[in-house]
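Open the model in your viewer and keep the selection panel ready.

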Amino acid sequence: MIKFLDLQKINSAYQEQFQEKMKLILDKGWFILGDEVKTFEANFANFCGAKHCIGVGNGLDALVLILKGYILQGNLQKGDEVIVPANTYIATILAILQADLVPVLVEPLIETYNINPNLIESKITTKTKAILLVHLYGQLADMDAVIEIGYKHNLLIIEDAAQAHGLKFKGSHTRAFSFYPGKNLGALGDAGAITTNDDALAKTLFSLRNYGSEKKYYNEFIGFNSRLDELQAAFLNVKLPNLDSDNNSRRAIAKRYLAETNNSKIVLPTVKIIDNHVFHLFVIRTKNRNQLQDYLLQNGIETVIHYPIPPHKQEALSSWNSLSFPITEKSHKEVLSLPISPIMTDDEVSFVIEILNKY
Ligand SMILES: *Cc1c(COP(=O)(O)O)cnc(C)c1O
């Protein structure tokens with residue numbers, strides 16, 4: 001059986017280093033916001049080429065905190081509209097709602113699954129104050145076009161980079177990351193981070209994630225408890241040095257899938273520049289998606305659907321259920337994610353290709 005993602009195997013390679021870290025932390029007896037968090041924040045900021053990194057509890061909180069931080073700074077106000085791709089994991093949209101802002105959904109390009117920049121301007125109103133981009137599946141969104149629109153309309157650009165660790169980003173925007181175990185850089189539990197070049201925002205966020213308090217028991221904001229856990233930071237410090245090489249392994253697998261899969265029933269992803277993709281997911285499309293998924297499973301290949309139901313069709317967002325986003329809906333009906341973890345062997349990749357070509 002080729003697993004979609006073998007987290008046991010990926011993490012057991014680090015077992016000794018993880019155990020050393022656990023011993024170190026147990027010996028020190030310092031469990032919250034200690035040296036490991038500080039080190040990770042410095043390492044990850046450096047890795048991303050950002051001035052600041054703020055470790056937080058998870059990816060959703062990273063997004064909410066960024067938006068709340070901008071509200072506290074006066075860059076955003078309650079009720080402002082935020083442009084966001086209709087085709088995203090629901091966390092992106094939940095974050096906007098939880099920050100008391102208004103999500104305005106925009107269709108993706110079917111080729112890249114990322115926001116269609118040509119549709120953004122028609123959604124801009126006097127209340128539009130920000131664009132929250134997503135680099136879905138690990139592919140850079142069309143940043144040149146989005147940056148131009150943002151500049152023209154004086155909009156804040158924020159990036160949901162939860163699927164895009166290690167991507168060569170464009171511009172110096174504030175970004176949210178998740179280290180959920182299945183991400184390209186995954187912790188052994190929940191974890192997240194924000195990177196930013198904005199000194200004032202960083203200062204606010206360091207406080208906001210920790211009860212709105214910089215000095216213990218003195219609270220300047222109505223804050224959150226969303227700190228990056230010390231143990232998770234330690235595990236991430238162990239894994240971060242391998243992120244680039246893991247992403248290169250993903251790219252090598254993707255190149256083979258792209259070059260060797262040849263089946264008229266299967267639409268491969270459009271990848272314009274391979275270096276602008278970190279292949280968090282390798283997503284194909286086909287008319288009878290469930291049939292293909294069953295066929296692959298019968299042949300010992302596990303796949304996953306990202307995602308089966310678009311945000312605007314979710315029960316939780318029932319007031320949006322009658323809205324129509326045909327490209328988003330089509331993609332949710334037809335997409336299927338192939339295994340693409342950095343530990344896949346050449347033989348496994350060959351096998352997946354062989355079985356796909358026989359379908
Ligand atoms: C995983 C993910 C999130 C949320 O991250 P969590 O750590 O699970 O809260 C947000 N946005 C996108 C696009 C994601 O893939």
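**Stop 1: the second largest pocket**

The lining of the second largest pocket divides into 6 nonpolar, 4 polar and 5 charged residues. In this count Ala, Val, Leu, Ile, Met, Phe, Trp, Tyr, Cys and Pro are nonpolar, Asp, Glu, Lys and Arg are charged, and the others, Gly among them, are polar. The model is predicted: local features need pLDDT of at least 70, side-chain atom pairs count only at pLDDT 80 or more, and totals for chains, interfaces and linings use all residues. Residues are numbered from 1 along each chain as its sequence is written, and side-chain values use heavy atoms, with hydrogens and water left out.

The second largest pocket has a volume of about 370 Å³. Select L33, N210, S213, K216 and R227: of the 15 lining residues, these are the closest to its centre. Now colour helix 7 (199-208) and strand 8 (213-215), which each supply at least two residues of this lining. Strand 8 gives the largest share, 3 residues. Helices (H or I, at least four residues) and strands (E, at least two) are DSSP runs, numbered from the N terminus.

How is a pocket told from a cavity? On a 1 Å grid over the protein atoms alone, a cavity is a set of points where a 1.4 Å probe fits but cannot get out. A pocket is an open set with protein on both sides within 12 Å along at least five of seven lines. Lining residues have an atom within 4 Å of a point. Grid points are joined across faces, edges and corners, and a volume is the space filled by probe spheres set on the points.

**Stop 2: the largest pocket**

Select Y89, Q163, Y180, K183 and Y307. Of the 33 residues that line the largest pocket, they lie nearest its centre. The space here is about 640 Å³. Helix 4 (59-73), helix 5 (90-98) and strand 6 (174-178) each supply at least two lining residues. Helix 5 gives the most, with 4 residues. By class, this lining has 19 nonpolar, 10 polar and 4 charged residues.

**Stop 3: the ligand**

What takes up the space of the largest pocket? The ligand does. Show the residues around the ligand (a heavy atom within 4 Å): N58, G59, L60, Y89, A91, V134, D160, A162, Q163, S178 and K183. This shell has 5 nonpolar, 4 polar and 2 charged residues.

Next, look for polar contacts (N or O pairs within 3.5 Å). At K183, a polar side-chain atom is 2.6 Å from an oxygen atom of the ligand. Taken alone the ligand exposes 380 Å², and the protein buries 90% of that (Shrake-Rupley method, 1.4 Å probe).

**Stop 4: the cavities**

The structure holds 2 cavities of 30 Å³ or more. Select I10, K183, N184, K239 and D246, the nearest to its centre among 15 lining residues. Helix 1 (7-12) and helix 9 (243-260) are the elements that give two or more residues to this lining. Helix 9 gives the most, with 3 residues. The lining has 8 nonpolar, 3 polar and 4 charged residues.

Last, select Y113, Y137, Q139, P269 and H277. They lie nearest the centre of the second largest cavity, which is lined by 13 residues. Its volume is about 70 Å³.

Note on methods. A polar contact is a pair of N or O atoms within 3.5 Å; within protein, one must be able to donate a hydrogen and the other to accept it, and residues adjacent in sequence count only if both atoms are side-chain atoms. A molecule sits in a cavity or pocket if more than half of its atoms lie within 2 Å of its grid points.
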